[in-house]
Amino acid sequence: MPNERTRAVIQTREFLVELSRDSALPDKIRRDAKFLLRHFPSPSDMRQAGIIEESSVAPAGCLGPVFSSTIEI
């Protein structure tokens with residue numbers, strides 16, 4: 001479901017932020033998490049993607065929106 005995919009992306013970002021700040025982890029893990037976060041979508045990016053997808057007219061045979069503009073975290 002679109003809202004579940006959106007929530008999963010947002011929660012994955014939060015997890016990467018936690019990893020990047022955890023001084024108990026090796027430097028490489030923290031650096032890798034920071035590297036991945038550089039281009040990872042923010043929650044507002046995800047909501048905007050949902051708005052765009054929900055407002056567009058899907059061509060015949062399309063599965064519909066991938067992301068949702070409304071989620072419950």
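Guide: Leaving aside neighbours within four places in sequence, arginine 30 is in contact (heavy atoms within 4.5 Å) with Leu19, Ser20, Arg21, Asp22, Ser23 and Leu25. This is a predicted model, in which local features need pLDDT of at least 70 and side-chain atom pairs count only at pLDDT 80 or more, while totals for chains, interfaces and linings use all residues. Residues are numbered from 1 along each chain as its sequence is written, and side-chain values use heavy atoms, with hydrogens and water left out.

Now to the polar contacts, each a pair of N or O atoms within 3.5 Å; within protein, one atom must be able to donate a hydrogen and the other to accept it, and residues adjacent in sequence count only if both atoms are side-chain atoms. The side chain of arginine 30 makes one with the side chain of aspartate 27, at 2.5 Å. The arginine 30 side chain also reaches the backbone oxygen of leucine 25, at 2.5 Å.

Arginine 30 sits in helix H2, residues 27-37; helices are DSSP runs of H or I with at least four residues, numbered from the N terminus. Its relative accessibility is 18%, so arginine 30 counts as buried, a word that means under 20% relative accessible area, with exposed meaning over 50% and partly exposed in between (1.4 Å probe, protein chains only). The buried residues of H2 are Arg30, Ala33 and Leu37. Viewed down the H2 axis, they fall within an arc of 60°, so they line one face of the helix; the arc is taken from the directions from the helix axis to the C-beta atoms. H1 is included in what covers them. On the other side of H2, Arg31 and Phe35 are exposed.

Technical notes: Helix = DSSP H or I, 4+ residues; strand = E, 2+ residues; numbered from the N terminus.
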